[in-house]
Amino acid sequence: MSILIKNGRIITAVDDYVADILVDGNVIRTIGTDLTADADTTIDASGKYVIPGGIDPHTHLDFPFGGTISSDDFRTGTIAAAAGGTTSIVDFAVQQRGHALSESLDIWHAKAEGKAAIDYGFHMIILDLPDSRIPEMDEMVRQGVTSFKMFMAYPGAVMVDDTTIFKALTRASDNGAFVCLHAEHGLMIDVLVKQALAEGKTAPKYHAITRPPEAEAEATHRAISMAEVAGAPVYFVHLSCSEALQEVQAARASQKYVYAETCPHYLALDDSRYDQEGFEGAKYVLTPPLREQWHQDELWKGLRADDLQVVSTDHCAFRFADQKSAGRNDFSKIPNGGPGIEHRLAVLYTLGVCTGRISMNRLVEIFSTTAAKLFGLFPRKGTIAVGSDADLVVIDPDKETTISVKTHHMNIDYNMYEGMKMKGMPDVVLSHGNLVIQDGQYVGSPGQGRFLKRGTHK
Ligand code: URP
Ligand code: ZN
Ligand code: ZN
């Protein structure tokens, strides 16, 4: 199968030019002007952007969490990702306590195989790491699972202690793995949650009040110290606030290998969502919580200045009707997470590029290229170059879409951006040479997505 994309404005992290792209099989074969190949399909991209497919390194599909399982599986979640211009995800497999890491990897392979619409890799979440299990990290790296995540929050569920984190960081400094951390002071938050409930404060808004920015900043600082002593790089997932950003900024200013992502919901939404009528605020019970609006400017500045390197979605969808409802009388029982896999590009384009906060090149960098580099996928993914996978997104810069639960592809009964007018929803998406989105609709076949055996970070 060959596809010729004509006259698109090709944007990578460093390029901006008009040319044609010839896709042959899975890869980009030729880039040039006035290409005349006899392709199976020709796409006219005149007046449109062509960017590399997005890489979302933080998704939770078919994920057991908070006493339930996230509502998007590898079929619905990856179709929604594709509809939003994402052509690779790195999802989280989670170790079962007391079990080998490889057992979980097998489970996650089974969840994804035959279902995924786009390419996928896995991080491994570590829940317990006795010394006898540490070599299993090397085996994961050999199998292309080159990053590990640990939680500094959620005590009694998935939190690990600092000893575990430090040991994992130390091993990572030897085997080239990349450690990702959910940084929040879990024990302090636990006290605040119990105090709030004892005072009868049960509404969703107390989720945010009991998880203050200081709790995120403290854990970020602590983890940076551990990573420095271990001699390993560290990556902070879903950074949400100015206080934590300052910790990352300070570390990077002193040449430490510290990286961080933020998420579209922290860039587009704020904590006033928790003041909505009744139980509506539960739709935004995700962790860390939405912050006061002024944090958004700081995060955008951080993205522009490369203090933040990646925007991921932390997509972890739970239905409002029958999953979020578990916490109707107790906010701490609301499964934490929000849906967003479909709207990362639209948020970055509409609120980032169209407002002048970031350039198109920077959009490509934080949407695709840097994640490819950090998570061992570059240059196969993350750029438009001869020989790279033909993961391509065509965007009409002027087309506006009103975001709605009625038209989204995610398997979830609400949309955090309901009613917002956004630009940047793709017209056409190619996943390793297969047409998966055309005129905004899914036209691929689930199962086309391939497991990505990742290298180590660059
Ligand atoms: O609320 C969130 N973010 N849920 C998913 C698990 C996590 O903490 O990333
Ligand atoms: Zn987290
Ligand atoms: Zn997450």
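Trainee: Which strand and which helix each supply at least two residues of the lining of the largest pocket?
Mentor: They are strand E7 (64–65) and helix H5 (186–198), with helices (H or I, at least four residues) and strands (E, at least two) taken as DSSP runs numbered from the N terminus. This is a predicted model, in which local features need pLDDT of at least 70 and side-chain atom pairs count only at 80 or more, while totals for chains, interfaces and linings use all residues. Residues are numbered from 1 along each chain as written, chains are lettered from A and ligands numbered from 1 in written order, and side-chain values use heavy atoms without hydrogens or water.

Trainee: How many of the lining residues come from H5?
Mentor: Six residues come from H5, which is the largest share of the lining.

Trainee: And which residues lie nearest the pocket centre?
Mentor: Among the 28 lining residues, Tyr-154, Pro-155, Ala-157, Ser-332 and Asn-336 lie nearest the centre. On a 1 Å grid over the protein atoms alone, a pocket is an open set of points with protein on both sides within 12 Å along at least five of seven lines, a cavity is a set where a 1.4 Å probe fits but cannot get out, and lining residues have an atom within 4 Å of a point.

Trainee: Switching to the ligand, where does ligand 1 sit?
Mentor: Ligand 1 sits in the largest cavity, meaning that more than half of its atoms lie within 2 Å of the grid points.

Trainee: Which residues around ligand 1 come nearest?
Mentor: Of the 14 residues around ligand 1 (a heavy atom within 4 Å), Tyr-154, His-182, Thr-287, Asp-314 and Asn-336 come nearest. Tyr-154 and Asn-336 are also named among the residues nearest the centre of the largest pocket.

Trainee: What polar contacts reach the oxygen atoms of ligand 1?
Mentor: A backbone N or O atom of Thr-287 lies 2.8 Å from a ligand oxygen, a polar side-chain atom of His-182 lies 3.1 Å from one, and a side-chain N or O atom of Lys-149 is 3.4 Å from one; the cut-off for such a pair of N or O atoms is 3.5 Å.

Trainee: Is the peptide bond from Thr-287 to Pro-288 cis or trans?
Mentor: That bond is cis, with omega near -10°, and Pro-288 is placed in the loop between helix H9 (264–268) and helix H10 (294–304). Another cis bond joins Phe-378 and Pro-379, with omega about 0°, and Pro-379 is in the loop between helix H12 (360–374) and strand E16 (392–395).

Trainee: What about phi at Asp-62, positive or negative?
Mentor: Asp-62 has a positive phi of about 50° although it is not a glycine, and its place is in the loop between strand E6 (54–59) and E7. Most residues other than glycine have a negative phi, and most peptide bonds are trans.

Terms used:
A polar contact is a pair of N or O atoms within 3.5 Å; within protein, one must be able to donate a hydrogen and the other to accept it, and residues adjacent in sequence count only if both atoms are side-chain atoms.
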